[in-house]
Amino acid sequence: MTKFNDSSMNFSFTKWSLERLPEYIWIGLIFGYYGRNEGMRRLFLICKKLLEIAESIALPRMSEIFSLNDAEQSKVYQEILKIISKDVLSPLTLIFTYSTNPLFAENFVTIQTSVDDRLNILMEILRKTTNNQSELSTDIRYIVLFYLSLSNKLHLGTREQVDLLTQYSLMNHENPVMQQARPFIRSTEVMVFNLFEISNEEYTSLFWERVSKMTECSLFKIQFDEEKRDTDHYIHCLKEIYSYLCELFTNASPLDNKMLVLLGIATYSFKRIKEVSDHKLFNTIVGRSSVRVLIENYIMMKYLVKNESSYEDIWRDFQEYGIGQFKLIVEKSKEHSTVRETSHVDYKYLDILVSDFKHEYFLDMDTRYFDNLNIRKKAEIVDEKELYDLYYDYDSAFEHGLWGAIRESSLLSCNNPLHHYHCVPDINDEQNLKSVWPDCIMVMNKTIDVLDELYGIPDSLVRGILDFERE
Ligand SMILES: [Zn+2]
């Protein structure tokens with residue numbers, strides 16, 4: 001298995017590569033063998049011969065050549081072999097064998113080139129041509145147009161277009177004129193193909209079926225560096241801050257509900273970040289879930305503080321909203337007879353928590369403001385839209401199992417062009433994700449900053465955690 005690199009991502013599958021490339025692959029092989037200039041010269045000769053022998057061939061497609069009668073086919077191959085060396089098209093004998101296309105195989109099979117070498121040549125050409133806009137793809141498409149103009153079936157609109165077509169083979173790809181010529185070649189070829197409407201599905205699906213079976217998957221995995229930073233040390237420094245705040249709370253203001261709510265949320269964040277460190281969740285999917293919660297908690301804290309004055313008691317509302325959710329769950333559990341003892345939800349315990357809370361409060365509550373859906377809005381209100389846009393939305397994709405997250409985390413890419421670059425489930429867990437740790441620290445330090453503003457944390461303790469952001 002290979003590791004990811006940029007060049008392996010440079011591909012695309014279009015009607016060109018799926019339907020037309022298999023038909024014109026022989027042209028690509030000739031260019032690959034002889035280079036552009038010499039390839040052009042020999043291809044021109046082949047096109048002329050092809051027309052001479054079998055005028056019925058509309059486009060220089062493999063499937064059309066295969067549909068000729070034996071005598072014509074043999075003649076075509078013999079003429080081609082006078083123009084190019086036998087081994088140029090020998091890679092195609094891996095697909096068109098003695099049993100499927102005896103005449104072709106007979107003429108082009110060679111023992112000089114090993115099966116592996118032939119396969120590599122074929123792969124290389126397909127790799128260079130799966131992109132319908134690559135230089136090689138455009139050259140192949142040019143030959144198709146050249147063939148058509150030879151057979152007087154190409155009617156161009158303007159003198160300029162005729163000139164472009166004539167000059168194309170004479171200019172190299174670096175020539176500035178080619179910036180116009182290439183798109184012109186491509187669009188004309190598409191037009192011609194649509195005009196003829198002669199896609200041979202039987203041939204192309206057979207082509208892809210055979211080539212895809214010839215080779216193994218060439219899987220490549222994305223592997224990010226394992227987290228190496230001293231995360232325990234950060235957690236230790238963080239714990240000192242929490243100890244300080246906790247002591248402040250129990251000693252000075254144990255009945256301060258605002259402080260309880262804020263410390264409660266912050267402690268939930270602390271437990272989540274500690275889980276990441278303790279269980280080494282840095283490069284995992286659940287690590288992303290942790291970042292998401294850290295962001296949501298931080299935004300909620302800022303939101304509550306910011307809107308405190310416009311509520312009678314925002315702290316109590318926040319608590320009631322959350323407990324109210326548990327209350328609903330408990331009530332629903334009583335309606336179902338299928339509640340399992342082993343379920344991770346302990347409804348009896350939840351019932352106790354709900355009842356305890358009810359004792360103290362439970363008034364009509366305004367729940368709109370704590371709704372999950374409003375997190376984007378809240379992020380805007382507290383001026384943290386960037387956190388939402390850059391991280392929260394991405395982490396949510398993992399939380400909701402959206403395809404982007406599935407693609408990134410759970411599927412491996414196959415880099416074999418013969419397999420159409422499909423994906424394979426990563427059931428052996430070979431792929432990891434980029435570490436969440438620096439972002440965990442970034443959001444956690446912002447969280448501590450909120451508490452510092454309100455309760456004043458000694459500088460020495462704050463400095464302890466800030467240093468980690470620079471690592
Ligand atoms: Zn594959």
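At what angle do the axes of helix α8 and helix α9 cross? In this predicted model, the axes of α8 (residues 159–168) and α9 (residues 178–196) cross at roughly 100 degrees and come within 10 Å. Axes here are lines fitted to C-alpha atoms, for helices over the stretch in contact, and angles run from 0 to 180 degrees between N-to-C directions. The two helices, α8 and α9, are therefore roughly perpendicular to each other; angles under 35 degrees count as roughly parallel, over 145 as roughly antiparallel, 65 to 115 as roughly perpendicular and the rest as oblique. On the α8 side the contact is made by Q161, L164 and Y168, and on the α9 side by Q180, A181, F184 and I185. Two residues are in contact if their C-beta atoms, placed from the backbone, lie within 7 Å.

Residues are numbered from 1 along each chain as its sequence is written. As the model is predicted, local features need pLDDT of at least 70 and side-chain atom pairs count only at pLDDT 80 or more, while totals for chains, interfaces and linings use all residues. Helices (H or I, at least four residues) and strands (E, at least two) are DSSP runs, numbered from the N terminus.

From α1, L21, I25, G28, L29 and G32 meet I121, E124, I125 and T129 of α6.

Next, the strands. β2 (residues 219–221) pairs with β3 (residues 411–414) in the antiparallel sense over two bridges; strands pair if DSSP finds at least two bridges between them. In this pairing F220 stands opposite S413. Strand β3 also pairs with β4 (residues 423–425), in the antiparallel sense over three bridges, and there L412 stands opposite V424.

As for domains, the assignment, which is automatic or from a database, gives domain 1 (2–215) and domain 2 (231–469). Their centres, taken over C-alpha atoms, are separated by 57 Å.

Finally, confidence. The chain averages a pLDDT (the predictor's confidence in each residue, from 0 to 100) of 89, and 93% of the residues score at least 70.
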